[in-house]
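Thank you all for making the time this morning. I would like to walk through one model with you, going from the chain as a whole to its helix contacts and then to a few single residues.

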Amino acid sequence: MERISVFQLFTLTVCFQIGTTVIFGFASSAGRDAWLSSLISMCIGIIIIVMQTFLMEYNPGLTLVEWFPAQFGRWLGVPLAWLYPLNFLYLAGRTLADMKSLIPATLLPGTPSWFVIAAMLLVIIYCLFSGIEVLARLIEYLLPILFLFFIIEIVLFFSTGLVHFKNLQPIIGQGWGKVWSAVWPTGISISFAETLTLATIWPLVKKPKKIRKTTIVASIVAGLTITVFTLMEITVFGGDILQHTLYPLYMLIRQISLADFLENLDAMVALTMIITAYVKITVYLYVVIRSTQLLLNIRSSASLVIPIALLSYLLCMTMSNNINEHIYAGLINAQKTLGPILLYVILPSILLIVTLIRKKWSKQPKEVGKYEEL
């Protein structure tokens, strides 16, 4: 059985939460107050994560899709559990579609998008066959390097004189309504509430009692990182330009120029985006494969890797015709359907209430450490 350390969980969580958020920016619709929306989203997201970790404690040894049958029973729990792998498969396709737009537009102009995604997916498939422990070891070494890049980028910005803090003023100049519209539901569901995805990995952690603290610390680190880069984008571009910039962080790095020597550092930030997106896609597909294996009671997950990877590729290539349609569809899914809030907040909240009631009133509590009734 695969096992990961607490530090590996920390690095995995930070990379997963940063994910593609650094590509398109965070809460850019809030303009100059986007950084404030980021902080509020982080605080509310941590509360949601605490609730999710309580579910883990009340269902020891079980993954996300096993919680529902354990508490709701087979006939209601299994259909509800299936909502999660289907959602994660869709999100894997969406994140791949992010790369389909980003890489040809930045690093490899003119390269066919189908080839870019196929090459990336081959690396992901190799990692999926190797197991989540291999991915955790990789990120354990990559994350410090990524943060070193972040620090270098921030230092270079202040050295170039591009930062103008007056662009942050007036704070909340357009009212709390615009700030809150960027927080709910998109800001909360993106990055922070999606941490529920890792509930499939939590049973693999060597020290389960440290999962909550580790995840909270990782969320703070990821949230502050996102906030810092959002602040940098606002101080350089201003709120109005930020709202209409497709890849704000990428465009931000392109502004760096020191003595006609340090220039064209956009490849570095593009590499950072690819690494964090790679982690997020791999985690999504791993969770889909593991959840499907449990729900179908399949002995080995190896037979599911290729079919599920191909499904994500198909979703990626057919999801949208262009980047504008891709972004619009994502906003509609998050804001209009409230699907993420239903899956990451409402259903887990109901499940927690049912779990607490059963735990309190059941005279002979049953052990929820096995998943044999399926």
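Let me begin with burial: a residue is called buried under 20% relative accessible area, exposed over 50%, and partly exposed in between, with a 1.4 Å probe and with protein chains only. T214 is therefore buried, since its relative accessible area is 8%. Please keep in mind that this is a predicted model, in which local features need pLDDT of at least 70 and side-chain atom pairs count only at pLDDT 80 or more, while totals for chains, interfaces and linings use all residues. Residues are numbered from 1 along each chain as its sequence is written, and side-chain values use heavy atoms, with hydrogens and water left out.

On the whole chain, then. There are 15 helices and zero strands, where helices (H or I, at least four residues) and strands (E, at least two) are DSSP runs numbered from the N terminus. Of the 374 residues in the chain, 54% are buried. The accessible surface comes to about 16800 Å², and 66% of that belongs to carbon and sulfur atoms; these areas come from the Shrake-Rupley method with a 1.4 Å probe, and for residues only the protein chains shown count as cover. If we take contact to mean heavy atoms within 4.5 Å, then among the contacts in the chain with a separation of 6 or more, 83% are between residues 24 or more positions apart.

Now to the helix pairs, for which axes are lines fitted to C-alpha atoms, over the stretch in contact, and angles run from 0 to 180 degrees between N-to-C directions. As for handedness, a crossing is left-handed if the near helix is turned anticlockwise from the far one by less than a right angle, and right-handed if clockwise.

The axes of α1 (residues 6-18) and α7 (residues 132-160) come within 8 Å and cross at roughly 65°, and that crossing is left-handed. On the α1 side the contact involves F7, Q8, F10, T11, L12, V14 and C15, which meet L135, A136, R137, I139, E140, L143, L146 and F147 of α7. By class, that contact has eleven nonpolar, two polar and two charged residues, where Ala, Val, Leu, Ile, Met, Phe, Trp, Tyr, Cys and Pro count as nonpolar, Asp, Glu, Lys and Arg as charged, and the others, Gly among them, as polar.

Helices α5 (residues 74-105) and α6 (residues 113-130) have axes that come within 9 Å and cross at roughly 120°. The two are therefore oblique to each other, given that angles under 35 degrees count as roughly parallel, over 145 as roughly antiparallel, 65 to 115 as roughly perpendicular and the rest as oblique. Their crossing is right-handed. In this pair, L96, M99, K100, I103 and P104 of α5 meet S113, V116, I117, M120 and L121 of α6, and these residues divide into eight nonpolar, one polar and one charged.

Leaving out residues up to four places away in sequence, K100 touches S113, I117, C316, M317 and S320.

What about α4 (residues 64-72)? This helix is mostly covered, with seven of its nine residues buried, namely L64, V65, E66, W67, F68, P69 and Q71. Just after α4, G73 takes a positive phi of about 90°. The axes of α4 and α15 (residues 339-361) come within 10 Å and cross at roughly 45°, and the crossing is left-handed. W67, F68, A70, Q71 and F72 of α4 make this contact with L347, I350, L351, V354, T355 and R358 of α15.

Finally, some single positions. I201 sits in the loop between α8 (176-189) and α9 (211-237), and is buried, with a relative accessible area of 0%. Leaving aside neighbours within four places in sequence, I201 is in contact with I4, L12, I132, V283 and Y286. I201 and L64 are 137 residues apart in sequence, and 8.9 Å apart from C-alpha to C-alpha.

T214, with which we began, is found in α9, and its contacts, with the neighbours within four places in sequence again set aside, are V6, L9 and F10.

Is N297, by contrast, buried or exposed? At 58% relative accessibility, N297 counts as exposed; it lies in the loop between α12 (266-296) and α13 (302-318), and has a positive phi near 55° in a residue other than glycine.
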